[in-house]
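Subject: Structure handover

Hello,

Here is the structure for your files. My notes follow below it.

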Amino acid sequence: MAEKLNSMRLLERYGIPYTVHKYDPAAPDAVAVAAALDVPAAHVFKTLVVSGPGTRPLLAIIPADCQLHLKRLASLVGVKHLDLVPREEVERLTGLRIGGIGALALTAKRWESYLDESALTYSRIYVIYVMLVSVAQ
C-alpha cells in the first residue's frame, strides 16, 4: 500500500485491529463492493451525510443493503426532519469524494455520527473508504 490514510492512523492510535481490502473504485455502490469482496452486504457499511433546518451535517453509517430511515433518525437526533445532503454538496462539505467518505476520515470536523446498531452483532464490519477497511471488534 502506497500511503496510510488518517483513518488507519486513528485506528492504530486506539489499538483497533483492521485489514485493508482493495476493490475497484468504479463499483457503483456498497452492495457491489460487498459482492466484489464476497462478503455479506449487511457487513459492509456506507456513510451518508444528512442535515436539516438548523442542524450541522451529521453522518449516518448503515449497512450497504439498507435504506436510511430519515424520520427515525430525525426523531433520534431531536429534530423535525432530516434530508440527505446532495452529492455535490457532500463533496464540498467533507472535502472527500463520494465513495471515500467515512466517519474516521472526518473526525476533525466533529460531526455527530450514528452507527446502525446492527454493527454490534458482527465480529467484523467493513467500512467503505477509498480503500475498504474491515474493523474487528
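In which helix is the place of Ser7? Ser7 sits in helix α1, residues 6-13. Helices here are DSSP runs of H or I with at least four residues, strands are runs of E with at least two, and both are numbered from the N terminus. Ser7 is buried, at 4% relative accessibility. Buried means under 20% relative accessible area, exposed means over 50%, and partly exposed is in between, with a 1.4 Å probe and protein chains only. From Ser7 to Asp29 the sequence separation is 22 residues, and the C-alpha atoms are 21 Å apart.

Two notes on the basis. This is a predicted model, where local features need pLDDT of at least 70, side-chain atom pairs count only at pLDDT 80 or more, and totals for chains, interfaces and linings use all residues. Residues are numbered from 1 along each chain as its sequence is written, and side-chain values use heavy atoms, with hydrogens and water left out.

Overall layout

The chain has 4 helices and 7 strands. Their order from the N terminus is α-β-α-β-β-α-β-α-β-β-β. The radius of gyration is 15 Å, close to the 14 Å from the globule rule for 137 residues, so the chain is as compact as a globular protein of that length. That radius is taken over C-alpha atoms, and the rule is 2.2 Å times the number of residues to the power 0.38. The C-alpha trace spans about 40 × 30 × 25 Å along its principal axes.

Of the 137 residues, 39% are buried. Take the contacts with a separation of 6 or more: 55% of them join residues 24 or more positions apart. Contact means heavy atoms within 4.5 Å.

Nonpolar side chains tend to be buried together in soluble globular proteins. The largest nonpolar core in this chain has 15 residues, and Phe45, Val49, Leu59 and Ile125 have the most contacts inside it. Elements giving two or more residues to this core are β2 (44-51), β3 (58-63) and β6 (124-127). Another core, of 10 residues, lies apart from it; Ala30, Ala41, Val44 and Tyr126 are among its members. A nonpolar core is a set of buried Ala, Val, Leu, Ile, Met, Phe, Trp, Tyr and Cys residues joined through side-chain atoms within 4.5 Å.

Buried positions

Thr47 is in strand β2. Thr47 is buried, with a relative accessibility of 13%. Beyond its neighbours within four places in sequence, Thr47 contacts Leu59, Ala60, Ile61, Ile101, Gly102 and Ala103.

Ile128 is in the loop between β6 and β7 (132-136). Its relative accessibility is 8%, so Ile128 counts as buried. What does Ile128 touch, not counting residues up to four places away in sequence? The list is Tyr23, Ala30, Val33, Val44, Phe45, Gly99 and Ile101. Ile128 and Ala26 are 102 residues apart along the chain, with 13 Å between their C-alpha atoms.

Exposed positions

Two non-glycine residues to check by eye are Asp38, with a positive phi near 60 degrees, and Arg110, with a positive phi near 55 degrees. Asp38 is in the loop between α2 (30-37) and β2. Arg110 is in the loop between α4 (87-94) and β5 (113-115). Asp38 is exposed, with a relative accessible area of 70%. Arg110 is exposed, with a relative accessible area of 70%.

Lys71 belongs to helix α3, residues 70-77. Lys71 counts as exposed at 68% relative accessibility. Lys71 and Asp83 are 12 residues apart in sequence, and their C-alpha atoms are 9.2 Å apart in space.

Best regards
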